[in-house]
Amino acid sequence: MKIRQSLIRPLVHELHAYVPGEQPKIKGLIKLNTNENPYPPSRRVLQAVKAAVDGRLRLYPNPTAQVLREKLAKLHGCQAENIIIGNGSDELLALAVRAFVEPSRKPAAAGRESEATVQYFHPSYSLYPVLADIHGSAKNAVPLPADFSLPDVRQLQRAGEWDFHAALTFVTTPNAPSGRGYATAALAKLCRAMNGVVVLDEAYVDFAGEHAMSVALKYPHVIVSRTFSKSYSLCFQRVGYFVGHRKLIAALDKIRDSYNVNGLGQVAAAATLDDLSYYRANFRKIIATREELSRGLTRLGFRVLPSQTNFILAQPPGNALPASRRQGRLNRSSRRDAGGTLTARDWLQKLREKKILVRWFNQPEVKDFLRITIGTPAEAEALVRAAKAILR
Ligand SMILES: Cc1ncc(COP(=O)(O)O)c(C=O)c1O
């Protein structure tokens with residue numbers, strides 16, 4: 001039966017939804033496309049979750065995830081009131097837009113545009129613009145330099161595109177999809193220059209050299225976002241958290257669902273914090289594999305960007321073009337170019353035929369690259385072998 005389009009808000013009808021990475025169920029697939037951790041949760045975590053699966057499932061979970069917040073407060077040297085838990089950090093990013101940004105699609109009153117602006121660097125996490133669109137607020141996507149480094153305040157002032165009064169600014173640090181890490185001192189400097197709320201999205205920070213928790217604990221308008229998904233092998237359970245000033249946290253708390261974090265997720269995350277040495281050993285393994293894989297692909301002619309995350313951005317050989325030629329090329333189809341070189345998109349397909357799934361983004365800045373999640377050493381070796389075979 002046909003449905004009247006007018007039943008759905010135009011904003012939703014026109015929305016370009018976020019596209020998550022594929023989760024195909026193909027036997028023997030090496031899955032390096034969604035930055036999941038190749039190692040399972042610790043045995044203690046699995047035991048804690050299993051022990052919680054009984055008649056208590058009929059009860060609502062703790063509405064504020066109190067035990068987990070207290071443990072996290074101890075870990076980060078703050079109070080439980082500085083922390084809010086979400087159904088994945090994605091939920092909290094959405095709550096931040098709703099709590100701090102005016103939903104104004106109409107031209108704002110002169111001088112008040114910033115109140116309705118969600119700001120972020122481009123490229124970074126592709127969910128931010130979708131959240132702004134859902135809310136009906138304005139977006140200010142400011143391009144990163146070609147090397148994906150963090151522009152300093154003076155550069156931003158000079159270029160004139162950055163809005164120092166934006167209601168909400170997201171900074172993905174380390175950056176995704178480039179993997180580039182940012183120095184805490186540089187982030188602090190940027191935060192000091194901002195008037196609105198700044199969320200430092202540290203989804204991948206456990207694979208980096210430094211983190212910016214001290215910045216969130218020092219400046220009342222700065223929040224750090226963390227997740228149990230990547231470094232703590234808990235994507236399935238959906239648990240993330242924000243750390244920030246108690247007044248910002250209280251504002252987010254006001255608008256969340258009463259039972260936003262499911263009980264088994266709370267149990268799993270709390271048990272994770274009792275077994276940090278297991279996870280820290282995994283971070284070291286993943287970092288070692290990242291460096292080994294980067295060397296292996298570089299030897300084959302890939303250009304691999306330095307990474308502080310659990311993924312790498314790698315440009316397949318023969319795919320590097322001078323910037324002046326790149327734009328024209330990007331506008332053409334992604335089939336082999338005139339010289340017979342495989343494009344990054346071709347590589348995605350060729351690797352898939354060899355049962356290795358990586359990610360490719362159809363965005364001008366990263367279209368020539370593959371984003372490859374760091375798996376086990378055996379998976380990295382399989383990828384290098386497959387790349388060699390494709391090059392042959
Ligand atoms: C930069 C960034 N932030 C946040 C998230 C969301 O993580 P979660 O699983 O906690 O919702 C992701 C997931 O891909 C991410 O890449």
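Ring pairs join Phe-207, Phe-228, Tyr-232, Tyr-241, Tyr-278, Tyr-279 and Phe-283 into a cluster. Rings of Phe, Tyr and Trp (its six-membered ring) pair if their centres lie within 6.5 Å; planes under 30 degrees apart count as stacked, over 60 as edge-to-face and the rest as tilted. The model is predicted: local features need pLDDT of at least 70 and side-chain atom pairs count only at pLDDT 80 or more, while totals for chains, interfaces and linings use all residues. Residues are numbered from 1 along each chain as its sequence is written, and side-chain values use heavy atoms, with hydrogens and water left out.

**Aromatic pairs**

- By the ring rule, the count comes to 14 aromatic pairs.
- Phe-302 and Trp-347 form an edge-to-face pair, because their ring centres are 5.2 Å apart and their planes stand at 70 degrees.
- Phe-302 lies in the loop between helix 11 (276-299) and strand 9 (303-304) and Trp-347 lies in helix 13 (residues 344-353), so the pair ties together parts that are 45 residues apart in sequence.
- Both Phe-302 and Trp-347 are buried (under 20% relative accessible area with a 1.4 Å probe, protein chains only; exposed is over 50%, partly exposed in between).

**Helix 5**

- Helix 5 (residues 127-135) is largely enclosed by the rest of the structure, because 8 of its 9 residues are buried.
- These buried residues are Leu-127, Tyr-128, Pro-129, Val-130, Leu-131, Ala-132, Asp-133 and His-135.
- Their cover includes helix 1 (10-14), helix 4 (89-100), strand 3 (117-122), strand 4 (138-143), strand 5 (168-172) and strand 6 (197-201).
- Gly-136 follows helix 5 and has a positive phi, near 80 degrees.

**Whole chain**

- The protein chain has 14 helices and 12 strands, taken as DSSP runs numbered from the N terminus (helices: H or I, at least four residues; strands: E, at least two).
- Of the 392 residues in the protein chain, 53% are buried.
- Among contacts (heavy atoms within 4.5 Å) with a separation of 6 or more, 72% are between residues 24 or more positions apart.
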